[in-house]
Amino acid sequence: MKWALYMASKGFRVFPLAENGNKPIGEGWPELASSDPDVIAAWWDTGYEVRLKGEKPRLRVLSDQNNYAVLTDEMIVLDVDVKDGRSGRETFDSYNPNLETFTVRTPSGGTHHYYSSWGLSYANSQGNAKH
């Protein structure tokens, strides 16, 4: 929860992910995303209602095993991985970006670089950068 609150303090809207996973919990996560510290703290302290397809609503309280994600609907985020035998750092550096931006280190040792999309919309892509 600490890092979710930190990102919210920087103006990012965050939302919870499944335990030990990287998938949003339930449906409606873009609307669920919040930068309100009281809302975020309540997810971990008292829970919130989860609605999954075909299920009745149920209260879900998050544990320390729940990660969070950042809603990036008006951003471009470069996810530079350094895992599974890949060195995204070398590829990223080869482009010589030299653009200062908000950057966070990921648990695997990679980085996420957050840039404004200047109101433009881009599709998600993965593994498309070539070294």
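Accessible areas are those computed by the Shrake-Rupley method with a 1.4 Å probe.

**View 1. The whole chain of this predicted model and its surface.** The accessible surface of the chain comes to about 9,100 Å², and carbon and sulfur atoms hold 50% of that area. Of the 131 residues in the chain, 28% are buried.

**View 2. The elements along the sequence and the confidence in them.** Four helices and seven strands are found in the chain, and in sequence order they follow the pattern α-β-α-α-β-β-β-β-α-β-β. The mean pLDDT of the chain is 79, with 79% of the residues reaching 70 or more. Helix H1, which spans residues 2–9, has the highest mean pLDDT among the elements, at 91, whereas strand S3, spanning residues 58–60, has the lowest, at 61. Where pLDDT is low, the predicted coordinates should not be read in detail.

**View 3. Ser34 in the loop between helix H2 and helix H3.** Ser34 counts as buried because its relative accessibility is 12%, and the cut-off for buried is under 20%. A polar atom of the Ser34 side chain lies 2.9 Å from the backbone nitrogen of Asp36.

**View 4. The contacts of Ser34 beyond its sequence neighbours.** When neighbours within four places in sequence are left aside, Ser34 is in contact with Phe12, Arg13 and Val14, and also with Val39, Ile40 and Trp43.

Note on methods:
Residues are numbered from 1 along each chain as its sequence is written. This is a predicted model: local features need pLDDT of at least 70, side-chain atom pairs count only at pLDDT 80 or more; totals for chains, interfaces and linings use all residues. Side-chain values use heavy atoms; hydrogens and water are left out. Helices (H or I, at least four residues) and strands (E, at least two) are DSSP runs, numbered from the N terminus. Buried means under 20% relative accessible area, exposed over 50%, partly exposed in between (1.4 Å probe, protein chains only). pLDDT is the predictor's confidence in each residue, from 0 to 100. A polar contact is a pair of N or O atoms within 3.5 Å; within protein, one must be able to donate a hydrogen and the other to accept it, and residues adjacent in sequence count only if both atoms are side-chain atoms. Contact means heavy atoms within 4.5 Å.
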